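Hello,

I am handing over the structure we talked about. Please open it alongside this note.

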Amino acid sequence: MEQCLRMAAEAAVNRESFKALNKTAFVLGATGEVGKELIKELFTSKVFSRVVLIGRRQVEYKEELYKDVEQKVVDFEKLDEYADAFQGFDQGFCCLGTTKGKSGSKGFVRVDHDYTMKTAELAKAGGCQHFHLVSSQGADINSAVLYTRTKAQVEAEMKELSFDRLSIYRPGVLMCNRQETRIGEGIFRFLIKPIHYFSPGRISTATSTVAKAVVNCAVSPKNESVELFDNMNIHRLAGEKK
């Protein structure tokens with residue numbers, strides 16, 4: 001907890017100091033809800049000298065903020081053929097993710113486990129020092145629920161890659177206006193809005209809060225080789241909770 005509060009308190013100074021280092025980064029999952037907020041935070045803050053979005057398709061951005069955005073298109077089914085796309089980055093941000101409802105059980109594991117792990121392996125081989133993984137609250141290797149069990153499995157395997165620094169984030173229910181329809185999730189999000197308002201950090205997290213926390217971590221000096229931020233500490237790291 002103290003570490004998160006310190007990182008948040010020093011964020012403004014760290015961001016300015018970090019800019020002078022001319023670090024580079026890539027982002028996976030930039031079209032997802034967390035990914036969209038993350039690239040907004042990255043391009044607004046300009047803490048990295050170069051940010052590349054890696055995805056399965058070229059995305060058209062109309063906002064002035066992204067006029068010079070650099071994108072690399074890869075085939076996630078043939079990632080070994082795109083190893084060059086992951087070469088030479090100081091940091092990597094992984095916001096990849098889908099759901100069982102959208103992609104089926106096999107599709108979910110394919111994206112959240114297989115694609116995530118393969119891209120991390122390529123990033124490590126390409127020289128990435130600091131890898132950021134957006135996981136989920138409730139990740140549990142012994143869970144009977146596929147979603148939380150898979151998230152925990154990825155976290156465990158990610159640690160085995162031995163990045164110089166690995167930061168894992170476990171946000172709660174993401175508060176945002178999704179473009180895709182997830183009826184059950186939407187209803188639940190509506191029901192917990194009062195809790196989110198009166199007690200932020202308890203069970204939910206705004207996607208903008210996650211993005212701010214991730215960037216604050218990215219520019220902070222290394223404390224540990226592996227960092228795990230739960231929902232409450234994500235709020236603290238973003239400077240939104242004492």
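Below is what was found in it.

First, the basis. This is a predicted model, in which local features need pLDDT of at least 70 and side-chain atom pairs count only at pLDDT 80 or more, while totals for chains, interfaces and linings use all residues. Residues are numbered from 1 along each chain as its sequence is written, and side-chain values use heavy atoms, with hydrogens and water left out.

Helices (H or I, at least four residues) and strands (E, at least two) are DSSP runs, numbered from the N terminus. Strands pair if DSSP finds at least two bridges between them. Strand 1 (residues 24-28) runs parallel to strand 2, joined by 5 bridges. V27 sits opposite L53 of strand 2. Right-handed means that, with the strands pointing away from the viewer, the path from the first strand over the helix to the second runs clockwise.

Strand 2 (residues 50-55) has 5 of its 6 residues buried. Buried means under 20% relative accessible area, exposed over 50%, partly exposed in between (1.4 Å probe, protein chains only). Strand 2 also pairs with strand 3 (residues 70-73), parallel, over 4 bridges. There I54 faces K72.

Strand 5 (residues 130-134) pairs with strand 6 in the parallel sense over 5 bridges. H130 is opposite R165. The chain goes from strand 5 through helix 5 (residues 146-160) to strand 6, again as a right-handed β-α-β crossover. Strand 6 also runs parallel to strand 9 (residues 226-229), with 4 bridges. I168 stands opposite L228 there.

Helix 8

Is helix 8 enclosed or open, and why? Of its 12 residues, 10 are buried, so helix 8 is largely enclosed by the rest of the structure. Among the buried ones are T207, V210, N216 and C217. At 1.5 Å a residue (times one less than the number of residues), helix 8 (residues 207-218) should span 16 Å; its end C-alpha atoms are 17 Å apart, which agrees.

Best wishes
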